[in-house]
2 protein chains.
Amino acid sequence: MTQSLAPETKDCSDCPIRHRAVCAKCETDELALLEDIKYYRSFSAGQTVMWAGDRMEFVASVVSGVATLTQTMEDGRRQMVGLLLPSDFVGRPQRETATYTVTAASDVVMCCFRRKPFEHMIANTPHIAHRLLEMTLDELDAAREWMLVLGRKTAREKIASLLSIIGRRIADLSDKKSGQSITFDLMLTREAMADYLGLTLETVSRQVSALKKDGVIVLEGKRNITIPDMRRLMEEAGDDSDGGLLF
Amino acid sequence: MTQSLAPETKDCSDCPIRHRAVCAKCETDELALLEDIKYYRSFSAGQTVMWAGDRMEFVASVVSGVATLTQTMEDGRRQMVGLLLPSDFVGRPQRETATYTVTAASDVVMCCFRRKPFEHMIANTPHIAHRLLEMTLDELDAAREWMLVLGRKTAREKIASLLSIIGRRIADLSDKKSGQSITFDLMLTREAMADYLGLTLETVSRQVSALKKDGVIVLEGKRNITIPDMRRLMEEAGDDSDGGLLF
DNA sequence: CTCCGGATTTGATCTGTGTCAAGGAAAGCT
DNA sequence: AGCTTTCCTTGACACAGATCAAATCCGGAG
């Protein structure tokens with residue numbers, strides 16, 4: 001998952017999507033092309049980046065902050081269907097209108113690419129298409145993992161799963177070794193967590209308290225979380241503890 | 001969604017994956033390449049096509065029948081994460097081992113492609129990569145739609161959603177107009193439906209009976225379902241009734 | 001420093017779905 | 001035809017999580 005995409009690749013070291021996104025193998029001329037069609041936008045916490053049904057003028061890559069993808073039913077029931085951390089990609093090439101509402105959960109900076117030229121670039125640059133395919137397949141796997149969480153896990157397991165997933169992403173980004181304790185600021189309200197997990201905010205609050213009481217997590221204030229033992233958390237989440245060893 | 005991929009494209013009219021899959025724009029030499037690396041396999045209902053963790057020797061396309069993708073927790077809780085109907089694609093290029101267990105829900109015929117040469121073909125044939133990207137994005141949307149079902153809908157709405165999704169696929173395949181009543185054989189056991197919906201088989205049974213009593217569906221035997229009014233069913237599913245009209 | 005409003009916690013109660021249990025119906029086999 | 005097996009239905013009851021309600025916490029504005 002953490003590939004050998006040396007972030008220090010010279011040609012595109014300033015490109016915000018270098019980690020996982022389209023310009024993994026940037027060459028100079030492609031970078032120039034990217035530079036031509038890209039621009040940055042900032043959003044403050046709580047702001048809506050794009051409404052479901054809006055005409056989509058750009059696709060983008062998250063540079064910093066956390067954004068969410070949500071779907072809403074007529075009567076207001078909401079389900080988060082994606083959590084976008086730095087380096088994640090937003091938007092679907094070839095599609096005119098947005099399918100989901102994109103919201104900034106914290107202050108967010110995005111690197112936007114005008115959609116039309118971006119589509120053109122995909123069509124003409126095979127390795128970008130491949131990279132995008134790879135990323136989409138990763139997202140599909142994540143969505144499917146989430147289906148198990150939503151369909152079959154208890155409230156406590158759901159919370160543990162969410163914290164474990166975010167914890168691992170953070171640990172990856174900051175090169176933590178497994179075994180070390182991990183501390184991070186959770187940039188989601190209890191309500192956002194509930195929307196992600198298919199729970200109510202009250203249940204989220206109760207289960208977070210329970211995990212804290214049982215020493216699975218340590219809370220400093222409301223949002224700053226320390227995971228003393230990742231293995232323990234993953235057991236609580238109901239994940240295989242044997243880190244992927246298969247017979 | 002139903003694209004203008006004339007199924008009668010001469011060059012690949014006998015290719016089982018012509019509808020949505022990689023050879024949408026087959027040219028003669030590519031077809032030859034496909035012919036070289038593909039073969040057919042049949043599976044009988046209930047048979048496991050591939051276990052999670054198995055080495056993946058092929059990717060494939062469903063020719064006929066219904067297959068399922070499932071994930072299982074250590075204690076046996078199961079969640080279906082994909083329902084594969086004819087023309088759907090199975091397997092992830094570039095990945096050595098299968099992530100999910102693939103099971104034949106009914107008798108199934110698959111068109112298999114040896115993985116290595118298939119990967120090679122993707123690398124060398126841009127439009128195949130694009131087609132695969134398109135298909136993967138469709139699957140991602142389907143998975144996200146399913147997250148809303150799993151996270152926020154009631155048991156009754158879940159059943160209605162499943163029937164509506166299958167009904168629409170069937171209607172598409174057989175060129176039914178909307179407004180007509182649709183009849184089809186549901187090729188899933190109550191248990192498989194439960195695994196898909198994050199319910200127990202008893203709850204599925206009860207809610208199917210309830211929908212039948214209320215005239216939303218008509219049952220002939222256990223499996224043969226008629227949907228007299230698709231609009232009504234979609235209301236029951238909690239979907240927007242205005243077929244996607246956005247201001 | 002104090003006040004205010006959103007975020008969070010906690011409590012009491014209700015309810016939809018799970019669990020356990022017992023039959024029933026259809027399909028295949030001898 | 002009778003038996004077995006698998007799938008499905010229905011009932012009674014339990015419980016996890018939702019709902020309703022009320023404090024409490026905390027950061028920012030004044």
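The text below treats the DNA surface and then the interface between the protein chains.

The model is predicted. DNA strand C is surrounded by 16 residues, and the closest are R190(A), S205(A), R223(A), T203(B) and R206(B). By class, this surface has 7 charged, 7 polar and 2 nonpolar residues. Helix α6 (201-213) of chain A and helix α6 (201-213) of chain B each supply at least two residues to it; α6(A) gives the most, with 4 residues.

| Residue | Protein atom | Distance to phosphate oxygen |
|---|---|---|
| S205(A) | side-chain N or O | 2.7 Å |
| A155(B) | polar backbone atom | 3.0 Å |
| S209(A) | polar side-chain atom | 3.2 Å |

Between the protein chains, 51 residues of chain B are in contact with 50 residues of chain A. The area buried there is about 4600 Å², with carbon and sulfur atoms giving 57% of it. On the chain B side, R144(B), M147(B) and R152(B) lose the most area to chain A, together 18% of what that side buries.

The interface has 12 salt bridges. One of them joins R95(B) to D141(A), with the closest N and O atoms 2.7 Å apart. α3(B) gives the most, with 20 residues. The chain B side divides into 23 nonpolar, 17 charged and 11 polar residues.

Terms used. Residues are numbered from 1 along each chain as its sequence is written. Chains are lettered from A and ligands numbered from 1 in the order in which they are written. This is a predicted model: local features need pLDDT of at least 70, side-chain atom pairs count only at pLDDT 80 or more; totals for chains, interfaces and linings use all residues. Side-chain values use heavy atoms; hydrogens and water are left out. A residue is near a molecule or strand if one of its heavy atoms lies within 4 Å of it. A polar contact is a pair of N or O atoms within 3.5 Å; within protein, one must be able to donate a hydrogen and the other to accept it, and residues adjacent in sequence count only if both atoms are side-chain atoms. Ala, Val, Leu, Ile, Met, Phe, Trp, Tyr, Cys and Pro count as nonpolar, Asp, Glu, Lys and Arg as charged, and the others, Gly among them, as polar. Contact means heavy atoms within 4.5 Å. Buried area is the accessible area (1.4 Å probe) that two parts lose on being put together, summed over both. A salt bridge is a side-chain nitrogen of Lys or Arg within 4 Å of a carboxyl oxygen of Asp or Glu.
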